[in-house]
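Visitor: Please take one part of this model and go through its side-chain contacts closely, with the criteria behind each term.

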Amino acid sequence: MTYHPLVSTDWLADHLDAPDVVVVNAWMPPVTTPDAKPVYPNSHIPGAVFFDVNEICDKNSDLPHMLPAPHVFSSAMRKLGIGDGQTIVVYDDFGFYSAARVWWTFRTFGVENVYVLDGGMPKWQGENRPVNDDPVRRPERHFSARLDHSAVANLSAIKALSASGNGQILDARSAARFTGDAPEPRQGLRSGHMPNALNLPFTDLISEDGTFKQRDGLEQAFKDAGVDLSRPVTTTCGSGVTAAILTLALTVLGTRDVSLYDGSWSEWGARDDTDVVTGAN
């Protein structure tokens, strides 16, 4: 059976009370509004647990919300009551932002049955489905984290791909940030993009109703960006969050050889030993 990483609001509503289904509210404030507060304490899908991307991360890194060590992730999931063998559905207050990052994190640590709620909280609430502010306390469960190293690209790998021009580095940032016409929202970062990178703003994958585009629309978006879906792709963005939306779309399309550059522009754009170019490719 082909794995499809999205579930509909209808599916979640039908399975909300299933004992093996865990709903996860993914949270990270947008970089443009860092003081934004989560809505979770006041309104969440019943039974959902709260996953803060800025907290469940590598606290020893100077880069934002880098992937944590396996034992750190296992401990955090155990405390949330998420365990082996469960079906995990991740949703986002904004529709699509940090939910894909949390989905990718679970997948990277070996979880197979993890999905993203298509349309997220906006679609769920727009359909007048239940929400509440009840505290959620799940009993601790054993969680086994097995890091898939092939899913994560580091600086040296990206340097090699960029220099050779043989790989496909796909940047999820806006076109203006990619070309260098708009400043980076994070302080101290140069504007522009990696040599030989391609650009596909993650917003180009989302339909007007806030759900993912259908397969033909996704395929066209990648084609327009110059991506060959039969070849390996490495996704990147500002800090490794919206890059996961590209990874999610590639997974929908069945692309298998996909990695994500965890440091993304927060690392590349801050260094003096990395090349930066401006303008469109």
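Guide: Glu140 and Arg78 form a salt bridge, with the closest N and O atoms 3.8 Å apart; the term requires a side-chain nitrogen of Lys or Arg within 4 Å of a carboxyl oxygen of Asp or Glu. Glu140 lies in the loop between H4 and E6, and Arg78 in helix H2 (residues 70-80), so the pair ties together parts that are 62 residues apart in sequence. Helices (H or I, at least four residues) and strands (E, at least two) are DSSP runs, numbered from the N terminus. This is a predicted model, in which local features need pLDDT of at least 70 and side-chain atom pairs count only at pLDDT 80 or more, while totals for chains, interfaces and linings use all residues. Residues are numbered from 1 along each chain as its sequence is written, and side-chain values use heavy atoms, with hydrogens and water left out.

Glu140 is exposed, with a relative accessible area of 52%, whereas Arg78 is partly exposed at 33%. Here buried means under 20% relative accessible area, exposed over 50%, and partly exposed in between (1.4 Å probe, protein chains only).

The structure holds eleven aromatic pairs. Rings of Phe, Tyr and Trp (its six-membered ring) pair if their centres lie within 6.5 Å; planes under 30 degrees apart count as stacked, over 60 as edge-to-face and the rest as tilted. In one of the pairs, the rings of Phe51 and Phe73 have their centres 6.3 Å apart and their planes at 50 degrees, so this pair is tilted. Phe51 belongs to strand E3 (residues 49-52) and Phe73 to helix H2, so parts 22 residues apart in sequence are tied together. Both Phe51 and Phe73 are buried. For Phe73 and Phe143 the centres are 5.5 Å apart and the planes at 75 degrees, so the pair is edge-to-face. Phe51, Phe73, Phe106, Phe109 and Phe143 form one aromatic cluster.

The structure holds twelve salt bridges. In one of them Asp10 meets Arg129, with the closest N and O atoms 2.5 Å apart. Asp10 lies in helix H1 (residues 9-15) and Arg129 in the loop between helix H4 (120-126) and strand E6 (152-153), so the pair ties together parts that are 119 residues apart in sequence. Asp10 is partly exposed at 47% relative accessible area. Asp10 and Arg129 belong to a network of salt bridges that also includes Lys123 and Glu127. Arg129 lies over the face of Trp124 as well, at 5.7 Å from the ring centre; a charge sits over a ring if NZ of Lys or CZ of Arg is within 6 Å of the ring centre and within 35 degrees of the ring normal.
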